[in-house]
Amino acid sequence: MGKIFLPVVTTGGTSSPPPALQKIAIDPITRIEGHLRIEAKVENGVVTEAWSAATMFRGIEQILKGRDPRDAWAITQRLCGVCTTVHAIASVRAVEDALGVTVPDNARILRNLIEAVQYVQDHVIHFYHLHALDWVDIVSALAAEPAKASALQQSISTWGSNSTAYFQGIKTRLQNFVNSGQLGLFGNAYWGHPAYKLPPEGNLLAVAHYLEALDWQQQVIKLHAILGGKNPHLGTYLVGGMASPVDPSNSASITPTRIASMRSVAQQALDFVNRVYIPDLLLVASYYKDWASIGGGYGNFLSFGDFPTDNSGDPNRLWLPRGVIYNKNINSAPQPLDQNLIQEYITRSWYTYTGGDSVGIHPSQGQTTPNYNGPQPPYQYLNTDSKYSWLKAPRYNNQPMEVGPLARMLVAYAAGNARVRQLVGLVLSKLQVGPDALFSTLGRVAARGIETKLIAEQLDGWFSQLATNIQSNNLATHNSAKWNPSTWPPSATGWGTTEAPRGALGHWVSIKNGKIDNYQMVVATVWNGGPRDAAGQRGVWEQALIGTRVADATKPVEILRTIHSFDPCMACAVHLVDAENREVTRVQVEPM
Amino acid sequence: MSNRLNGEPTIGEMLAARGITRRQFLKMCGVVAVALAIPAGELGRFADAVAAAARPRVVWLEFQDCTGDSESFLRAAQQADPLQSGVTDPSLTSLLLDVLSVEYHETLMVPSGAYATKSRDDVVRNYAGQYICVVEGSIPTAANGVYCTVGGESALNILKQVASKAQATLAVGTCAAYGGLPGAQPNPTGAAGVKDAVPGLQNLVNLPGCPHNVVNLVATIVYFVAKNQLPSRDASGRPQFAYGTLIHARCERRRYHDDEKLVLAWGDQGHRQGWCLRAMGCHGPTTYSNCPVVKWNQGTGWPVQAGHGCLGCTSANFWDASSSLYNVVFHGNKTQNDCAVCHGSGGASSTSVPPTPKP
């Protein structure tokens with residue numbers, strides 16, 4: 001089958017009608033973590049086929065073999081500096097499960113706090129710095145009237161930075177920046193694209209809060225530096241507990257005084273979420289309600305659940321519940337999760353299995369053996385009829401499953417969590433849309449905001465528990481019973497889970513003679529961004545893109561909106577492909 | 001760097017247009033000057049040189065990375081009171097919009113795909129010898145580069161194209177400097193740092209750390225902008241101002257080390273009182289970094305302060321340096337044979353044999 005490449009000039013000039021069938025590649029997909037390429041077939045302006053490809057591989061599962069399992073948290077945390085901390089948690093839990101270690105209550109609370117802070121900071125960064133510019137046109141903001149922007153701000157929130165002078169200042173600064181001629185990060189973007197719908201004042205408001213959020217996130221994340229030494233890549237985890245001591249009075253430890261100051265930072269974080277993030281989310285969403293019926297995908301959702309409320313290890317004692325939803329069914333309780341039903345396929349991934357490439361393997365028996373058969377660089381397109389990604393394809397009960405904030409909020413909703421039901425109801429009524437709107441690109445954006453508020457509200461309670469423990473002289477932070485490797489059995493296996501901001505995360509470890517014998521990680525972005533499986537079922541992103549209308553295939557902002565709504569993290573898992581470059585986008589025409 | 005291009009505004013003009021006063025600007029430079037150990041008497045001249053410079057264009061490449069160094073870059077906030085903590089950085093927004101002109105950074109830039117690649121290629125083509133290349137992540141050299149491609153091109157080829165025409169290249173993080181975690185044994189992808197991936201590259205600075213500390217990146221760039229030369233470096237390519245002193249020499253727990261007051265179990269009384277962590281495997285005695293002085297997240301803390309030993313992350317090959325991160329690497333004034341920690345009185349690894357510390 002011959003392939004013909006037709007270069008199409010995408011800048012300047014008059015545009016001729018697009019060809020009926022176009023194959024596009026977007027690479028690199030930016031404003032994500034890592035290296036993602038998306039290839040897609042666009043027929044008469046609609047996406048009819050899509051391929052998600054991770055284009056970077058490090059082999060960390062191979063590097064882990066033979067190492068001290070107590071080191072695995074520090075190594076796996078380096079999978080990702082955006083989702084820092086989450087692999088550390090999953091790793092210590094997996095090793096603790098293998099060795100039969102229960103952590104002290106203070107360690108449980110410290111882990112909950114660190115993870116919750118990560119959610120709040122990471123979700124806000126995602127909204128303003130990674131996703132917003134798919135919806136917000138910075139150039140349009142230059143046309144805003146500061147007085148109208150001030151009135152708009154005051155109509156949606158009581159946030160203090162709301163005067164005409166404030167918005168005039170932001171506009172002047174933006175104008176100076178544009179006049180400088182060095183547009184930096186904001187050059188070559190799709191400004192003026194017809195898919196941008198916000199009025200100039202809405203755009204100016206979003207620019208103001210893009211800048212405010214940059215400063216805000218740095219303050220919030222100081223909580224990690226206090227609790228764990230630094231961010232990114234905290235240095236405080238231990239198999240058996242945490243390395244941050246607590247003490248009623250010694251300032252070398254976490255004290256009630258320090259907890260009081262952290263509670264005030266957490267309160268400011270919640271205030272920003274309540275008065276800036278949520279009102280902005282509702283404002284932006286109100287102009288893009290058509291996205292409540294785009295980008296839905298399969299409608300299957302999985303959550304491992306997280307934030308243990310006691311030290312029992314009982315999955316029913318997780319604050320965010322564990323469960324599985326099939327086919328958008330949120331009207332009955334979620335199905336219980338059975339980890340034995342998880343399998344990973346590599347039929348379309350650049351790996352090979354000893355038992356053949358069409359079988360699915362449970363992660364406890366997982367194999368990571370690279371087998372690249374793709375094109376040699378530099379290349380224009382991947383061979384999407386064969387293997388095409390460094391991501392594996394995980395399936396649950398042989399079904400593709402969406403994970404992430406939407407999955408978590410839906411599982412909690414279906415499980416009857418009262419606060420989640422209340423917040424979901426509030427957002428739906430504000431936007432005047434029905435529950436079906438949740439199963440969409442916009443639903444994902446809304447769920448992330450709802451979750452941020454939910455978790456930011458919870459921070460204070462955990463700080464309070466920690467302070468109470470310390471005041472009653474409960475100071476244990478580490479269970480050292482199994483610290484020394486001489487206390488370990490000759491072999492042991494375990495698994496540990498967490499819910500990373502981007503979704504379900506599981507680590508499986510097998511230990512032999514004090515060393516790691518095998519280590520496998522099934523990561524949120526692998527669930528969402530993986531390729532097709534042995535049965536040819538598309539991955540979750542691939543499915544979510546089908547049917548998306550693209551106004552200009554050379555500037556596919558619509559594809560970015562849906563991909564970004566999942567908050568991809570490729571280092572944890574894999575890049576969207578715009579296979580070309582320069583002023584031309586190659587449009588591949590395949591005779592059908 | 002001082003020659004402005006095409007009438008574009010200087011750093012000083014951009015900051016002035018934003019309402020930054022000279023006093024504020026001196027304060028901002030002062031923080032960097034502290035890290036760089038520039039004498040107070042020279043601060044004014046140093047600041048004038050920074051203000052007169054053109055905004056440096058930056059192309060930030062990400063390869064086998066975790067984006068942790070970009071996240072670290074995003075933590076470059078203004079210190080509320082630098083006199084109290086001794087540390088501060090220009091605010092991130094200043095860095096992004098006023099001081100640096102970051103033309104390519106996949107995590108932060110707006111355009112994707114061909115438009116993103118155009119931003120990178122335009123700088124290389126139009127500003128050869130006039131931009132700074134920052135590299136994050138290792139470069140896979142095995143299998144013709146298929147372990148990391150961007151826009152269909154291999155990481156190695158992109159690096160060669162961009163770094164070879166840069167005025168200076170800054171390898172941020174231990175992966176870009178030395179190969180880091182992807183380069184740890186058995187190094188499945190042939191991961192290498194910039195120096196090994198592109199032998200002979202001139203004007204290369206390594207800023208290792210997992211991640212690197214943004215204070216050191218900002219100080220290096222500001223120094224380069226002001227002096228038109230790179231700060232002096234050690235044999236591993238690291239700036240002396242940041243990596244010239246052992247952590248152990250300036251550690252807040254040092255007096256406990258000298259008094260043999262050692263943490264012997266996680267959460268014990270010594271741990272709660274901030275005693276020395278060397279018996280728990282702390283690598284501070286063998287690791288060169290200014291962590292104890294500049295700390296992290298605007299001077300808020302650092303791992304040893306929080307209670308865990310130093311992992312030694314600014315050293316090349318630190319992941320492979322010993323069989324466990326918790327092995328004791330330093331025995332105080334004892335030899336290993338006489339070391340009580342290594343022979344049964346507690347500590348992190350009383351059953352394992354620690355390696356000899358490297359000088």
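**Sheets, a helix and an interface in a predicted model**

Mentor: In this predicted model, chain B holds an open sheet of five strands, ordered β2-β1-β3-β7-β9, with parallel pairing.

Trainee: What makes β2 and β9 of chain B edge strands?

Mentor: Each has a single partner strand, so β2 (101–105) and β9 (204–207) of chain B both keep one side without a neighbour in the sheet. From one strand to the next, the twist averages 20°.

Trainee: How do you know that β1 and β3 of chain B pair?

Mentor: Pairing requires at least two bridges between the strands. Strand β1 (residues 57–62) and strand β3 (residues 131–136) of chain B are joined by six bridges in the parallel sense, and therefore they meet that criterion. One of the links joins B:E62 to its bridge partner in β3(B), B:E136.

Trainee: Which helix packs on this sheet, touching β1, β3 and β7 of chain B?

Mentor: That is helix α8 (residues 155–163) of chain B, whose direction makes about 165° with that of β1(B).

Trainee: Why is helix α11 of chain B called largely enclosed?

Mentor: A residue counts as buried if 20 or more other C-beta atoms lie within 10 Å of its own. In α11(B), 13 of the 14 residues are buried, so the rest of the structure largely encloses this helix.

Trainee: What span does α11(B) have, and what is expected?

Mentor: Helix α11 (residues 214–227) of chain B reaches 20 Å from its first C-alpha to its last, close to the 20 Å expected at 1.5 Å a residue. B:N228 follows α11(B) and has a positive phi, near 60°.

Trainee: Turning to chain A, why are β13 and β15 called edge strands?

Mentor: The open sheet of three strands in chain A has the order β13-β14-β15, with antiparallel pairing. Strands β13 (491–500) and β15 (515–522) of chain A each pair on one side only, and are its edge strands. The twist here averages 15° from one strand to the next.

Trainee: How many residues of each chain meet between chains A and B?

Mentor: 87 residues of chain B are in contact with 92 residues of chain A. Helix α7 (residues 113–126) of chain B gives the most to the chain B side, with eight residues. That side divides into 38 nonpolar, 36 polar and 13 charged residues.

Terms used. Residues numbered from 1 in each chain as written. Chains lettered and ligands numbered in written order. Predicted model: local features only at pLDDT ≥ 70, side-chain atom pairs only at ≥ 80, totals over all residues. Helix = DSSP H or I, 4+ residues; strand = E, 2+ residues; numbered from the N terminus. Axes fitted to C-alpha atoms, helices over the stretch in contact; angles between N-to-C directions. Expected span 1.5 Å × (residues − 1). Buried ≥ 20, exposed ≤ 12 C-beta atoms within 10 Å, placed from the backbone. Contact = placed C-beta atoms within 7 Å. Nonpolar A, V, L, I, M, F, W, Y, C, P; charged D, E, K, R; others polar.
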